[in-house]
Amino acid sequence: MIEAELKALVREPDALLRRLERAYGPGRAELYRDTYYDTPDHQLALDDCELRIREVTGADGGRIVLLTYKDARVDEASGSKPEYETRVADAEAAHAIVRGLGHRPVLAFEKRCRNYGFVREGRRMLATLVRVAELDGAFLEVETAAADERELPAALAAVRAVLAGLGVPEGDLTTELYTTAVAAARLRDGRS
């Protein structure tokens, strides 16, 4: 499965939040705690791959843990990547397994998210309004799944239609990864 996703910098988060609520109803507030891993020689980053453990806490206190591997980009313009994700029962065990396989944590940070799930053009879609404390502003991610690279253009067209319907201009799209932006912000602030 390829995660067909576009991300945009949000210029007016409160106005966008109102448009999201009108279009898709009340969203789910969730806190993501992401830990990214790599090999000691940073081979995953060199290969444009990602290995992540995400702990998601909902507004009700419920918690799920996801183990995710993202392969290299198959579309440079969007940054879309094949994604393999599974739910795991125990966060500490997942971290121990990944470390035991020789991977090391390279970056951890939190994202405050408001998620909106809906169906558009027969596709399950997810729009997420994201704030990362270490980054200025807010971001909007809209994603759906493509079965393969042949289906990716249609999936991305559906994502673009959602963004356009929410008033997000193409010029606000970005392919910068949160990991890159957070690492750069920490470096500027003198933290590693």
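Hi everyone. Let me start with one term: a cavity here is a set of grid points where a 1.4 Å probe fits but cannot get out, and a residue lines it when one of its atoms is within 4 Å of a point. Please keep in mind that this is a predicted model.

So, how many cavities of 30 Å³ or more does a search of the whole structure find? The search gives 1. The largest cavity holds about 40 Å³ of space. Around it sit Lys7, Leu135, Phe139, Thr174, Glu176, Leu177, Tyr178 and Ala181. Sorted by class, that lining has 5 nonpolar, 1 polar and 2 charged residues.

Now for the pockets. The volume of the largest pocket is about 1000 Å³, and 45 residues line it. By class, the lining of the largest pocket splits into 20 charged, 15 nonpolar and 10 polar residues.

Let's move on to the second largest pocket, with about 240 Å³ of space. Its lining is made of 15 residues, and Asp38, Ala45, Cys49, Val106 and Thr179 are the ones nearest the centre. At least two lining residues come from each of β2 (28-38), α2 (43-46), β3 (50-58) and β6. Of the elements, β2 gives the most, with 3 residues. Here the classes come out as 9 nonpolar, 4 charged and 2 polar.

Note on methods:
Residues numbered from 1 in each chain as written. Predicted model: local features only at pLDDT ≥ 70, side-chain atom pairs only at ≥ 80, totals over all residues. Heavy atoms only, no water. 1 Å grid on protein atoms, 1.4 Å probe; cavity = no way out; pocket = protein on both sides within 12 Å on 5 of 7 lines; lining within 4 Å. Points joined across faces, edges and corners; volume = space filled by probe spheres on them. Nonpolar A, V, L, I, M, F, W, Y, C, P; charged D, E, K, R; others polar. Helix = DSSP H or I, 4+ residues; strand = E, 2+ residues; numbered from the N terminus.
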